[in-house]
Amino acid sequence: MYDTLFLDRDGVINYKLEARYVTNYHQFKFIQNSDLAIRELSKIFKRIFIVTNQQGIGKGIMSKNDLNSLHEIMQDKLSTKKKYIKKIYYCPHLELDLCNCRKPNTGMLEQAIKDFPEIKIKSSFLVGDSDSDIEAGNKFGLQTVKVDNNYTLYHWLQEISL
Ligand SMILES: [Mg+2]
């Protein structure tokens, strides 16, 4: 059993939009088999978190409430019986805010460790589609996996669960 799985959201769980932010559930579409992958990954990881940069909030394009309700629907689509994503960390700041949480900074990962001190970093992974995800994960000592349209979360699941 692995320990903790940190997932980036856009480009890992749901398709990115061209030069736009995903602000509501109508724009949120699971990447092929990513929902299935999350359910399967929950069998080999103790806990799954999302760590996501959501600059659209800082830009005033969506509110924290918009984001929270989108995430509630996402959780329900994964399952109405089980909460597969234990906690969702997001950074609402603009890049120029120079906050400590926006990836490639590690503030969201640090917060997760504060919330769940039992996390074992050495047997934990971060999966992302951007260099900033991989950089944040590596700085923090996590094992990192980069996905894209060809090598998706589902493909990685098949490798790691062998
Ligand atoms: Mg991404």
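Buried residues (under 20% relative accessible area with a 1.4 Å probe, protein chains only) make up 49% of the 162 residues in this chain. It's a predicted model, where local features need pLDDT of at least 70, side-chain atom pairs count only at pLDDT 80 or more, and totals for chains, interfaces and linings use all residues. Residues are numbered from 1 along each chain as its sequence is written, and side-chain values use heavy atoms, with hydrogens and water left out.

**Overall build**
- You'll find 6 helices and 5 strands here, counted as DSSP runs numbered from the N terminus (helices are H or I, at least four residues; strands are E, at least two).
- Starting at the N terminus, the order is β-α-β-α-α-β-α-β-α-β-α.
- The C-alpha trace spans about 45 × 30 × 30 Å along its principal axes.

**Magnesium site**
- Asp-8 (OD), Asp-10 (O) and Asp-129 (OD) are the protein donors of the magnesium ion, 2.1 to 2.2 Å from it.
- Donors are N, O and S atoms within 2.8 Å of the metal (3.2 Å for Na, K and Ca); water is not among the atoms, so sites may look incomplete.
- Along the sequence, the donor residues follow the spacing D-x1-D-x118-D.
- Asp-8 sits in the loop between β1 (2-7) and α1 (34-41), and Asp-129 in the loop between β4 and α5, so this pair links parts of the chain 121 residues apart.
- Both Asp-8 and Asp-129 are buried.

**Around β4 and β5**
- β4 (residues 125-128) pairs with β5 (residues 143-146) in the parallel sense over 4 bridges; pairing takes at least two DSSP bridges between strands.
- Leu-126 stands opposite Thr-144 in β5.

How values were computed:
Buried means under 20% relative accessible area, exposed over 50%, partly exposed in between (1.4 Å probe, protein chains only).
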